[in-house]
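Please look through the sequence and the model below before reading on.

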Amino acid sequence: MSYAPKRKAISKKTRDLVFLRDEGKCWICKGKIGANEVWDADHMLSRELGGSDEMENLAPAHRDPCHRNKSKEDVRLIAKGNR
């Protein structure tokens, strides 16, 4: 069950700024994100673990496998905290 407030989507402008700020590098694996690769503006600290939607908490991440694996770990930590 999610206790985080409903959030709005991260704007394209914010996504672009995050990508440029981090020079197109995945914050998880440190690899370059290619022009045709799918990536996400990831919350470095999950909202449900106290993170915010502010740019300081967003970073580019390869969608697969980097962001998917991190999200699985976040879900595990959230479930553990809810026990």
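Predicted model: local features only at pLDDT ≥ 70, side-chain atom pairs only at ≥ 80, totals over all residues.

A residue is called buried when its relative accessible area is under 20%, exposed when that area is over 50%, and partly exposed in between. With this cut-off in hand, Asp40 counts as buried, because its relative accessibility is 11%.

Within H2, the residues Cys66, His67, Lys70, Asp74 and Ile78 are buried. Seen down the axis of H2, these buried residues fall within an arc of 95 degrees, so they line one face of the helix. Their cover includes strand E1 (39-43) and strand E2 (58-62), whereas on the other side of H2 the residues Asp64, Lys72, Val75 and Lys80 are exposed.

The next topic is charge. Side chains of opposite charge can pair when their charged atoms come close. In this model the count comes to eight salt bridges, and a few of them can be followed here one at a time.

In one of these, the side chains of Arg63 and Asp40 meet at 2.7 Å, N to O. Arg63 lies in helix H2 and Asp40 in strand E1, so this pair ties together parts that are 23 residues apart in sequence. The two partners can also be described by their accessibility: Arg63 is partly exposed, with a relative accessible area of 33%, while Asp40, as noted above, is buried at 11%.

Another salt bridge joins Arg68 and Asp64, with a distance of 3.8 Å, N to O. Because these two residues are four residues apart in helix H2, they are separated by about one helical turn. Arg68 counts as partly exposed at 45% relative accessibility, and Asp64 is exposed, with a relative accessible area of 56%.

Helix H1 (residues 12-21) holds both Asp16 and Lys12, which lie four residues apart, about one turn of the helix. Their side chains meet in a salt bridge of 3.0 Å, N to O; Asp16 is partly exposed at 31% relative accessibility, and Lys12 is exposed at 60%.

Finally, Asp42, Lys70 and Asp74 are linked in a network of salt bridges.

Note on methods:
Residues numbered from 1 in each chain as written. Heavy atoms only, no water. Buried < 20%, exposed > 50% of the residue type's maximum accessible area, 1.4 Å probe, protein only. Arc of directions from axis to C-beta. Contact = heavy atoms within 4.5 Å. Salt bridge = Lys/Arg side-chain N within 4 Å of Asp/Glu carboxyl O.
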